[in-house]
Each structure stands twice: as C-alpha cells, then as structure tokens.
Amino acid sequence: TRPSTTLKRSIWSALFCWSAVSIILHAFYIQTPFVSMEYVFAQATQNLLSSENNLAHYWSMQANPLGYVWVSTLIHFLLGEPSGFWSYRLASLLGLVAILGAGAMVASTLKSDCRRAFHLWCALVTFSPLIWVFSGRATADVLPMGLLGLSLALVYKNEARTSGLASILFLFASIVKYHALLMAPGFIYIFWYQSQNNGEWIKRCGQFFLLPLLGFLLYLWGIYNQYGFFLVAETHSQTHKFEPANFLKTFSLYAGYLGILLGPVAWVSLLNVRKNWPGKWLILIGFGLGFGFWVDSLETMGEMNYGPFDWILNRSMLFLVKSMGAIVFGFLILDCIVEARKHKNAVAGFVLTVCIPFLLVCSASRPAQRYLIFLIPLIFYYLVFYRMQGHKIYRVVLGWGTVGIFVLANLFAVNYQVAQARAADNMAH
C-alpha cells in the first residue's frame, strides 16, 4: 500500500510549521553583528556583487570553496542587495529548512503513520545545538548538509525525472564544502540496496556521479587557472594536511563529541543492546568508561572545544559528559551493527556506511566539531523512525526530553554569541 494522501499532507504541514518556527526564532537575533569568520564570507559576497572579483582576502582566511559565497551573492541579487547582517546568514537558515525538507520527502514515502515521529525528528534537528548555532551564521556549515540531504532524498525516492537534479544538488553541496564528497558512500549504499541485480547499482552509480565529478573537476580547474592552487590555498595547506600520527586521538575526540551531540535520545541504542545482549551490556559500559577516560585525557585539538561550556563545567562535569558521549557512540555503532546484520535494517546499514568512512577520513586531518553536522540529522532519523517506533515512553521521555535540553543549551549559547558579537562591535567602533 502507498502512503495515504492525508499522511502526506500532514507531513508537509509539519514541515511548514517547523520551517516557520526556525525562521521566526532566528529572526530575533539574526541581525546581531558578525562573530568569528562570518565577515570573510560577507566581504567576498560584496566583492562579487561589485564585480571586483578580488578574493585574495577570502582565500587568505578561508579553506572552504566558493559555493556559499555564490549562493549568498545570488540571494543578495534576487533580493535587491539588502544591507544588514541577516542577509549574509540567510543561506545558512535556508540550509536548515532544506534539511527539514529532505526529511519530509523521505517520511512522506513511509507507509506507517509517522506524523509524531516526524515532529520529533524536526524538533531534534532544528534545536540540535550545533545545527542551531551554525544555521544562524554566515558560514559554509549547514547549507551543504541541506543540499546533500535533498540529493539523498531524491535518490531514495528513485524517480527518473529527478535523478539529474539529485546529481546537481550533490555537486553544489561539494562546492559549498568539500566534506560533502565524503558522503558518497551513502549514495552508493542506496543504489546497491534498491538494485535488483549486481550490475544495475554500478550503472546507476556511474550515471549519478558523472555530472558531479565533471563539475567538480571544472571548478578545481577554474580555481587553479584564476588563483593558482588546487583545493585549498597555500596558506591553509599546513593546517589541513593529513596527520596520520594523530589519527586515533582525533577519531576518539570525534566519537565522544558525536555521542554528546546526540543527547539522551541516543540512549535508546543502549537499551536495545541491553535487550539483545542481557549478560554483556555491563561489560560494554565498562569498556565505554575506559574509552571515556581515554577521551578525557586527550588534549583538545583543532576546533573540538565545547564553546562557552568549557568555562562553566568543572573538570568532573566535563569528564562525565565526555564519558557519556563515548559510551553512547559505542552503543550506537554496536546497535546499528546488530540491526543491520540480524534484522536486515537498511537504515542501520546506511548509517554505518556513511558514518564510519566519514569519521575515519576526517580523523586524518585537523578536526572540527562543525563537520559532524553532516551526520547528526541522519542518525536522528534512524533513532526516531526505527529505534523509537512503537515505544511511546522512549519518544516522550528520551525524545522530547532531549529537545528540552537542546533548547536550554541553545538559549545559553545564543545569549553568549549575541553578547560576544555586540562586545566585538562596540570595540570596533
């Protein structure tokens, strides 16, 4: 049976509501002065609008490709070149709406009534602290996941008329942030899962990746021809070089941080593993605590700090948070393995196929917690739609309880950001 028209309408109505909530709440502070590197993207946008095409300062400050600047320039052109901080942040906010839209596209294809699950997923994604903070900043962090999410959703729906659009969206996501390329295994997994024979998925991969590959190579050629470098400018080549010596440390930091960012909603994986392995889960928690001690002992590298919470939480609290994150990550991966192998859960297999290669590659160079934005919506989808289905108590206590914690964390983080931005602006003037 196909999804009912009523269910589809309710999903799209929910999307409209959560998109409106996101835009309205961000509108309260989207006009605050820039923080961190936002001004670099704004200056580059202004350079393109004035036809100067002088991006030397951008390349001296940024390793990201030009995709965000191009989208921001297009938005300014279409809106009549508005002035104000908000206009440069609009692309990131649209990225958040695109993530929610991608979730709606997939949820609308499900046969079961998933309206409550979709509302919870939207709330978790919208108020996830990392996503919320960066969807209100003029940086290339949320927009690429929005474009990538739409591309994944179109590929999942498997309609011939939208296959070309899916390829174009993947190309754009890659030109906004190179890390989008690391999500390619997710597309391959979907093609493999949907194919009826061994040769079909290979053919679909070739058809899908041809345009992004040619477009990406054309972009690299254009950048090299005009600015004289491939991928990143010489200024950033040392910062983002491969560092295999720190691989284990970096991977451990990513794992612990990802477990923290998922919040209590990810404890549902721990409960599931406990049910499947009743005599072994305490041993696994012991291993998790050991992993937590290891993560806690590591020196913070790159951009793996906890923002303002570094100054608020004492040593014991930080250890508790890091340990819990390490435990959650371990149980999440184990839960996905069990589900994929024992119960043939395709979504669990997808999460493993995407997350593990992504974290492994990212762990070979300078780490940044922002990169985890690519994984959070996908993991939430697995937890909410497949781990909590039929468990009202999990959905209410762990799911909406996590949303409440996220909202409180965001209130603090946003107030800190606004105060920081205004203080910097006052000093500048």
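Tutor: A residue counts as buried when its relative accessible area is under 20%. Please keep in mind that this is a predicted model.

Student: Which residues of helix 13 are buried?

Tutor: In helix 13, the buried residues are T250, F251, S252, L253, Y254, A255, G256, Y257, L258, G259, L261 and L262, which makes 12 of its 16 residues, and the helix is thus described as mostly covered. Helix 13 runs over residues 247-262 and reaches 23 Å from its first C-alpha to its last, close to the 22 Å expected, and just after this helix G263 takes a positive phi of about 75 degrees.

Student: Why is S108 classed as buried?

Tutor: The cut-off for burial is under 20% relative accessible area, and S108 is buried because its value is 4%. S108 is found in the loop between helix 5 and helix 6, and a polar atom of the S108 side chain lies 2.9 Å from the backbone oxygen of M105.

Student: How many aromatic pairs does the structure hold?

Tutor: The structure holds 30 aromatic pairs. In one of them, F34 and Y88 have ring centres 5.9 Å apart and planes at 70 degrees, so this pair is edge-to-face. The pair links distant parts of the chain, with F34 in the loop between helix 1 and helix 2 and Y88 in helix 5, 54 residues apart, and both F34 and Y88 are buried. Elsewhere, ring pairs link F41, Y58, W59, Y68, Y227 and F229 into a cluster.

Student: Which residue lies over the face of F134?

Tutor: That residue is R137, at 5.2 Å from the ring centre of F134.

Terms used:
Residues are numbered from 1 along each chain as its sequence is written. This is a predicted model: local features need pLDDT of at least 70, side-chain atom pairs count only at pLDDT 80 or more; totals for chains, interfaces and linings use all residues. Side-chain values use heavy atoms; hydrogens and water are left out. Helices (H or I, at least four residues) and strands (E, at least two) are DSSP runs, numbered from the N terminus. The expected span of a helix is 1.5 Å times one less than its number of residues. Buried means under 20% relative accessible area, exposed over 50%, partly exposed in between (1.4 Å probe, protein chains only). A polar contact is a pair of N or O atoms within 3.5 Å; within protein, one must be able to donate a hydrogen and the other to accept it, and residues adjacent in sequence count only if both atoms are side-chain atoms. Rings of Phe, Tyr and Trp (its six-membered ring) pair if their centres lie within 6.5 Å; planes under 30 degrees apart count as stacked, over 60 as edge-to-face and the rest as tilted. A charge sits over a ring if NZ of Lys or CZ of Arg is within 6 Å of the ring centre and within 35 degrees of the ring normal.
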